[in-house]
Amino acid sequence: MTRHSLSLLLRNEPGALARIVVLFSSRGVDVESLSLAPAERGDLSRLDVVVDLQPGRTVVQLIKQLGRIVDVKSVVDRTHDEALELGA
Amino acid sequence: MDTTGAGALIKALEDVGCEVIFGMPGGAILPAYDPLYDSKIRHVLVRHEQGAGHAAQGYAQATGRVGVCMATSGPGATNLVTPLADAYMDSVPIVAITGQVNRSVIGTDAFQEADIRSITLPITKHSYQVHDPADIPRVIAEAFQLAASGRPGPVLVDLPKDVLATATTYTPVKPAAQPRPVLSPVQIRNAAQLIGSSKRPVFYVGGGVIRSGAAPELRKLAEKTGIPVVTTLMARGAFPDSHPLHLGMPGMHGTVPAVAALQRADLLIALGTRFDDRVTGLLPEFAPHAAVIHADIDPAEISKNRKADVGIVGDCRDVMAALSAVITRKTDLAGWWNYLGGLLATYPLGYDWPTDGALAPQYVIERISKLTGPEAIYTAGVGQHQMWAAQFVKYERPGSFINSGGAGTMGFAVPAAMGAQAGAPDRTVWAIDGDGCFQMTNQELATCAAEGIPIKVAIINNGNLGMVRQWQTLFYEGRYSNTRLGTHQRHPDFVKLADALGCVGLRCESQSEVDGTILEAMAVRDRPVVVDFVVGQDAQVWPMVAAGTGNDEIMAARGIRPLFDEEE
Ligand SMILES: Cc1ncc(C[n+]2csc(CCOP(=O)(O)OP(=O)(O)O)c2C)c(N)n1
Ligand SMILES: [Mg+2]
């Protein structure tokens with residue numbers, strides 16, 4: 001398992017969060033923590049999520065799969081930023 | 001224009017160019033059926049919503065346009081789940097329109113309420129539930145565009161009944177055109193370089209080439225380079241079967257030359273294909289010596305199953321045009337063709353006749369292809385007959401073979417043929433179906449008869465769930481648990497059933513009758529025809545790569561492993 005911290009911007013559309021969460025469950029991604037908050041732009045929300053990936057699955061793959069969701073505006077991998085913040 | 005939500009829906013569908021809807025009315029969707037009554041859009045009243053969904057898929061694949069199906073809330077909507085899953089797996093552009101209970105009672109377990117959006121989340125490209133009738137024109141325009149653009153797929157539009165009934169004004173919408181991805185010139189150059197220096201390259205062509213309309217570009221590029229081509233189950237017809245550069249279909253039931261080409265290649269040029277396990281076999285043993293160029297419109301497919309050395313995100317048509325522009329000369333592939341030519345000569349597709357005098361199913365399919373020709377459209381169910389339809393029909397043009405590849409949905413053939421025939425009324429449409437599959441969706445023949453959709457169905461009646469029986473023969477010591485259908489004992493009698501459904505029913509049981517029966521079926525133009533081809537129960541699909549083994553273990557026939565025993 002490898003742990004990754006992702007930050008997504010999504011449109012405030014009904015079902016947007018559900019689609020992301022279903023993607024995690026159907027692709028076997030473990031969710032460690034998840035938080036949703038309004039983004040600066042009123043029609044967007046920011047989703048911060050920490051996930052564990054199964055061996056053989058890459059975070060690049062997951063980011064591309066999240067990017068296919070119509071209501072997802074952007075996905076960034078913050079794993080390294082967090083490691084820095086923690087002084088690791 | 002003053003109208004209702006329902007009026008706006010039908011107007012919006014007319015404006016996006018929808019010409020036919022496959023569906024069934026019911027309480028929640030009923031308001032939409034009223035303006036539909038006056039519309040120039042044709043509505044085909046199906047007998048089961050699954051049939052509506054597969055018909056939309058068949059229509060989409062025969063015409064290259066977006067297919068539309070419509071159902072009421074609750075059970076009507078859940079009956080669309082299988083076709084949505086199927087369209088998602090095979091990237092077929094369809095829009096499903098479902099009724100929903102009134103806004104005020106959503107979430108209260110109201111009569112015929114099902115949360116169809118949530119149910120279909122993992123099997124739709126996108127979905128909408130409309131709460132304001134003024135949004136309907138935009139949502140329909142977006143839904144059509146999303147279904148057809150990028151990697152095509154199914155889109156669901158869920159419409160609460162009161163939204164359909166509410167007054168609104170119709171304002172036409174034109175969604176902004178979706179730009180095609182811009183190719184990376186660096187990746188194109190890298191790809192061209194790899195192609196130029198390879199000694200054993202192969203074009204590994206998938207269904208994306210058909211979806212992008214890139215068959216002419218493929219032919220040009222293949223002829224320019226002299227590189228061999230293999231076409232997956234979803235790509236049959238993307239490259240002419242009669243072309244000398246074509247090695248056939250790769251995969252579990254692929255030809256020996258096609259599988260060998262992938263296994264011995266030093267370069268795979270993978271186009272609009274997703275390295276499905278039915279093609280790769282055991283992944284670590286797949287194409288072990290090959291570098292990989294992978295072009296796909298969906299970035300998430302690149303390096304998903306097999307790492308690409310050069311990944312190109314783009315429409316296959318653009319990718320091949322760009323490659324054609326930079327590749328100037330044929331590479332010397334004499335040694336490679338020498339090897340492949342040997343395999344082509346030694347291992348052509350073939351079959352044995354049953355020893356008990358029964359009819360060979362492969363022969364039936366071969367004769368249908370021969371007598372009908374490549375301008376027809378062929379659909380298939382799932383099982384042995386599907387593989388034989390992929391192997392023994394000779395395809396020459398894209399869109400001429402429509403089948404359920406990714407999902408493997410039994411019952412696909414008849415409704416898909418109905419949709420294809422509705423979209424292409426001037427073509428002959430043959431559904432090559434199994435005796436098991438046929439019993440899942442044959443009620444749509446009543447639809448075809450009532451609507452004047454004269455499809456032809458060839459039931460390859462082997463009396464069994466033949467594909468499952470084949471596995472029981474090979475892997476379960478011939479313990480035939482629950483695979484006998486009783487169809488050889490006339491449970492049901494397909495000729496009588498055809499007659500009851502308003503079709504012409506024919507039966508054929510011997511080799512000498514095959515051509516005559518096919519010609520008789522071809523002569524019927526005013527009604528659907530069903531032919532019960534009673535064939536032997538023990539015919540098997542060969543070649544075969546057993547599930548969970550590597551492609552090198554491909555068996556040309558039981559026990560014969562040409563690549564495994566090969567001396568390199
Ligand atoms: C809806 C569905 N149920 C079950 C299966 C599993 N399955 C795959 S092939 C097959 C047998 C199909 O029998 P038939 O239509 O007679 O085709 P044959 O293999 O005999 O040509 C079955 C049961 C499936 N693919 N789809
Ligand atoms: Mg059968």
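Start by selecting B:His243: at 9% relative accessibility this residue counts as buried (buried means under 20% relative accessible area, exposed over 50%, partly exposed in between, with a 1.4 Å probe and protein chains only). You're looking at a predicted model, where local features need pLDDT of at least 70, side-chain atom pairs count only at pLDDT 80 or more, and totals for chains, interfaces and linings use all residues. Residues are numbered from 1 along each chain as its sequence is written, chains are lettered from A and ligands numbered from 1 in the order in which they are written, and side-chain values use heavy atoms, leaving out hydrogens and water.

Which residues does B:His243 touch, if you skip those up to four places away in sequence? Show B:Arg219 and B:Glu223; contact here means heavy atoms within 4.5 Å. B:His243 itself sits in the loop between E10 and E11 of chain B. Those labels are for strands (E, at least two residues), while helices are H or I with at least four; both are DSSP runs numbered from the N terminus.

Now follow that loop into the sheet. Colour E11-E10-E9-E12-E13-E14 of chain B, and you have an open sheet of 6 strands with parallel pairing, listed in that order. The edges are E11 (246–248) and E14 (310–313) of chain B, each pairing on one side only. On average, neighbouring strands are turned by 20° against each other, direction ignored. Helix H12 (256–264) of chain B packs on this sheet, touching E9, E10 (229–231), E11 and E12 of chain B, and its direction makes about 105° with that of E11(B). For such angles, axes are lines fitted to C-alpha atoms, for helices over the stretch in contact, and angles run from 0 to 180 degrees between N-to-C directions.

Next, zoom in on E9(B). 5 of its 5 residues are buried, so this strand is largely enclosed by the rest of the structure. B:Pro201, B:Phe203 and B:Val205 point one way, and B:Val202 and B:Tyr204 the other way.

What does E9(B) pair with? E9 (residues 201–205) and E12 (residues 267–271) of chain B pair in the parallel sense over 5 bridges, and E9(B) also pairs with E10(B) in the parallel sense, over 3 bridges. Two strands pair if DSSP finds at least two bridges between them. Click B:Val205 to see both partners: this residue stands opposite B:Leu271 in E12(B) and opposite B:Thr231 in E10(B).

Finally, zoom out. Chain B is split into domain 1 (2–169), domain 2 (185–346) and domain 3 (361–534), with bounds from an automatic or database domain assignment. Colour domains 1 and 3 of chain B: their centres, taken over C-alpha atoms, are 29 Å apart, and 22 residues of domain 1 are in contact with 27 residues of domain 3.
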